Amino acid sequence: MIDEKDIAFHFMRASGPGGQNVNKVATAVQLRLDVKNASGLTEAIRKRLTRLSGKKMTDKGVLVIEAKRYRSQERNRQDAMDRLITLSLIHI
């Protein structure tokens, strides 16, 4: 199980369509999880995340998921969390 304290969120401005809101409000979300050092992850989950993450994993073992489909921080945050859960097949 992933401990939420191991997940960091960074909010930034989204690019692309969205009108003036896109230039003023930080709605895009970057979720970061240090897979190598996250507490509560089994070795099997670490291997699965590493194998499936591809370019989303940094050289230091940090999984980075960017979500910017929606026009609100909360929906993008949830989208990033949903994608993490799908990758790991576990529930937070």
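User: A charge sits over a ring if NZ of Lys or CZ of Arg is within 6 Å of the ring centre and within 35 degrees of the ring normal. Which residue lies over the face of Phe9?

Analyst: Arg77 does, at 4.3 Å from the ring centre of Phe9. Please note that this is a predicted model: local features need pLDDT of at least 70 and side-chain atom pairs count only at pLDDT 80 or more, whereas totals for chains, interfaces and linings use all residues. Residues are numbered from 1 along each chain as its sequence is written, and side-chain values use heavy atoms, with hydrogens and water left out.

User: And how many aromatic pairs are there?

Analyst: The structure holds zero aromatic pairs. For such a pair, the centres of Phe, Tyr or Trp rings (for Trp, the six-membered ring) must lie within 6.5 Å; planes under 30 degrees apart count as stacked, over 60 as edge-to-face and the rest as tilted.

User: Let us move to the fold. What is the secondary structure of the chain?

Analyst: It comes to three helices and three strands. These are DSSP runs numbered from the N terminus, with helices being H or I of at least four residues and strands E of at least two. Along the sequence, the elements follow the pattern β-α-β-α-β-α.

User: In what order do the strands sit in the sheet?

Analyst: The order is S1-S2-S3, in an open sheet with antiparallel pairing. Strand S1 (7-12) and strand S3 (62-67) are the edge strands, each pairing on one side only. Two strands pair if DSSP finds at least two bridges between them. On average, neighbouring strands of this sheet are turned by 20° against each other, direction ignored.

User: How many bridges join S1 to S2?

Analyst: Six bridges join S1 to strand S2 (residues 28-34), and the two run antiparallel. Within this pairing, His10 has Gln30 of S2 as its bridge partner, and Ala8 stands opposite Arg32 in S2.

User: Which residue in S3 partners Leu31?

Analyst: The partner of Leu31 there is Ile65. S2 and S3 are joined by six bridges and run antiparallel.

User: Why is S2 largely enclosed by the rest of the structure?

Analyst: Five of the seven residues of S2 are buried, so the strand is largely enclosed. Buried means under 20% relative accessible area, exposed over 50% and partly exposed in between, with a 1.4 Å probe and protein chains only. For the chain of 92 residues, buried residues make up 36%.

User: Where does H3 lie relative to the sheet?

Analyst: H3 lies across S1, S2 and S3, and runs at about 135° to S3. Axes are lines fitted to C-alpha atoms, for helices over the stretch in contact, and angles run from 0 to 180 degrees between N-to-C directions.

User: Is Asn76 buried or exposed?

Analyst: Asn76 belongs to helix H3 (residues 73-88) and is buried, with a relative accessible area of 0%.

User: Which backbone oxygen does its side chain reach at 2.9 Å?

Analyst: The side chain of Asn76 reaches that of Thr27.

User: What else is Asn76 in contact with?

Analyst: Setting aside neighbours within four places in sequence, the contacts of Asn76 (heavy atoms within 4.5 Å) include Ala28, Val29, Ala67, Lys68 and Arg69. Across the chain, 56% of the contacts between residues at least 6 apart in sequence join residues at least 24 apart.

User: Turning to H2: where is Ser53, and which backbone oxygen lies 2.9 Å from its side chain?

Analyst: Ser53 is in helix H2 and counts as buried at 4% relative accessibility. The backbone oxygen is that of Leu49, at 2.9 Å from a polar side-chain atom of Ser53.

User: Finally, where does Ile2 lie?

Analyst: Ile2 lies in the segment before S1 and counts as buried at 3% relative accessibility. Its C-alpha atom is 9.7 Å from that of Ile45, 43 residues apart along the chain.

Note on methods: A polar contact is a pair of N or O atoms within 3.5 Å; within protein, one must be able to donate a hydrogen and the other to accept it, and residues adjacent in sequence count only if both atoms are side-chain atoms.
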